[in-house]
Amino acid sequence: MSQVIDSTASEAADLVRHARRIVVKVGSSLVTNEGRGLDEGAIGHWSQQLAALVQQGRELIMVSSGAIAEGMKRLGWSRRPHEINELQAAAAVGQMGLVQMYETQLRACGVGSAQVLLTHADLADRERYLNARSTLLTLLQLGVVPVINENDTVVNDEIKFGDNDTLGALVANLVEADVLVILTDQKGLYTADPRRDPEARFVHVARAGDPALEAMAGGAGSGIGKGGMITKILAAKRAAASGASTVIAWGREPDVLLRLCAGEAIGTALVAQTAKHQARKRWISDHLQLRGAVVVDDGAAAKIAREGKSLLPIGMTAVEGDFSRGDVIAVRDARGQEVARGLANYASSEARLLCRKSSADFERLLGYAAEPEMIHRDNLVLSRG
Ligand SMILES: Nc1ncnc2c1ncn2[C@@H]1O[C@H](COP(=O)(O)OP(=O)(O)O)[C@@H](O)[C@H]1O
Ligand SMILES: N[C@@H](CCC(=O)OP(=O)(O)O)C(=O)O
């Protein structure tokens, strides 16, 4: 049995203790008590823990399923429909109750919440990716807990996440979370589905992306959940691509989030092998197709290369090519040498207006106020040195 690990369970637990930005995902079977209706006690308990962690100075995002199951209950449907339009209708009905319950519970703990509905296409589109990212990061800065679900109304079979484990991982990638916590109806990952195999052994820690894990994981055990363990294993692999480790744990474990954040080894830890900043750099370097460039003065080039600062439009002298917000562009110095590459916050047409301008002028020049940076330092990779 592989269970290849480069970390011990206690080292893995330390990852959560030190985590600042955490994405928590809860599945339909937990949220709706196996389809019996929204579990107010469970949502209240997670909300209290989320609020306590925000109050500790951490940033929390909740990815919660349950809309379809709750919608089915509200519509009086006992069997999950096959028609996609019926599933979408159920999700729209159920999402009302779902988000209302989180809002009420979090507010009672003194923490604000926000509803964010996303689709895969939103995150594949570079401009929408940047928009979603900056909205979520702003919410986190405000100390608000975003409560995310798939935007079931606008997706069809092909582009549907199908399960919220994938959505949780994509959100972890989007905001560069330190840890993804997947709460489910089992204590974690076993060597086989424990509902079917009484010999199944518990896996405490493993390497995220280890192919041996995929062989252990079966499909959903309850009639309510969709993904099963395989989607959680694949979500951990995906989250690891941006440097986030994943913990899979039982959602009804008392104080599970607080105890994980206190460094207790609960559940299965799937440890990412790449550090966050390296993963981000690789992601940007992989988008090698450059859409254009900006030329910067020596002051801006030095700030980027030596101090690791963001590129501000005031340091830009020229814009080359035709690019959109979210495209990867080069940053060149006055001698034509490439200093860095990164994701443009402004399209080339806007960037041309912003050259040499300070952020106080942006609203007058563009008609709206947006990011002060042309490329944020988180989205910038140095080309040499
Ligand atoms: N190797 C495994 N270890 C643990 N659970 C497994 C495994 N393989 C399959 N499962 C099943 O996956 C289920 C959890 O997935 P799912 O029902 O989709 O939950 P959720 O709604 O939380 O996403 C478990 O109840 C279990 O029966
Ligand atoms: N967006 C859907 C979630 C789909 C789903 O079943 O997810 P999960 O229970 O996490 O496998 C809903 O809210 O019902």
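In this predicted model, Glu34 sits in the loop that joins helix 2 (28-31) to helix 3 (40-55). Its phi is near 55°. That value is positive, and Glu34 is not a glycine. Glu34 has 16 C-beta neighbours inside 10 Å, so it counts as partly exposed. The class of partly exposed residues lies between the buried limit of 20 or more and the exposed limit of 12 or fewer.

A second residue other than glycine with a positive phi is Arg356, at about 70°. Arg356 also belongs to a loop, the one between helix 14 (348-354) and helix 15 (362-366). Here 12 C-beta neighbours are found inside 10 Å, and Arg356 therefore counts as exposed.

Helix packing was examined next. Two packed helices are described by the angle between their axes and the distance between the axes. For helix 4 (residues 67-75) and helix 5 (residues 84-108), the axes come within 6 Å. They cross at roughly 95°. Angles of 65 to 115 degrees count as roughly perpendicular, so helix 4 and helix 5 are roughly perpendicular to each other. On the side of helix 4, the contact is made by Ala67, Ile68, Ala69, Glu70, Gly71, Met72, Arg74 and Leu75. Helix 5 meets them with Leu87, Ala90, Ala91, Ala92, Val93, Gly94, Gln95, Gly97 and Leu98. By class, this contact has eleven nonpolar, four polar and two charged residues.

Strand 9 (residues 292-296) pairs with two other strands, strand 10 and strand 11. Four of the five residues of strand 9 are buried, so the strand is largely enclosed by the rest of the structure. With strand 10 (residues 316-321), the pairing is antiparallel and runs over five bridges. Val296 has Met316 of strand 10 as its bridge partner. With strand 11 (residues 328-332), strand 9 pairs in the parallel sense, over three bridges. In this pairing, Val295 is bridged to Arg332 of strand 11.

At the level of the whole protein, there is a division into domain 1 (9-278) and domain 2 (287-382). The C-alpha centres of the two domains lie 35 Å apart. Five residues from domain 1 and seven residues from domain 2 take part in the contact. On the domain 1 side, the residues that touch domain 2 comprise two nonpolar, one polar and two charged.

Methods: Residues are numbered from 1 along each chain as its sequence is written. Chains are lettered from A and ligands numbered from 1 in the order in which they are written. This is a predicted model: local features need pLDDT of at least 70, side-chain atom pairs count only at pLDDT 80 or more; totals for chains, interfaces and linings use all residues. Two strands pair if DSSP finds at least two bridges between them. Axes are lines fitted to C-alpha atoms, for helices over the stretch in contact, and angles run from 0 to 180 degrees between N-to-C directions. Angles under 35 degrees count as roughly parallel, over 145 as roughly antiparallel, 65 to 115 as roughly perpendicular and the rest as oblique. Two residues are in contact if their C-beta atoms, placed from the backbone, lie within 7 Å. Ala, Val, Leu, Ile, Met, Phe, Trp, Tyr, Cys and Pro count as nonpolar, Asp, Glu, Lys and Arg as charged, and the others, Gly among them, as polar. Domain bounds come from an automatic or database domain assignment.
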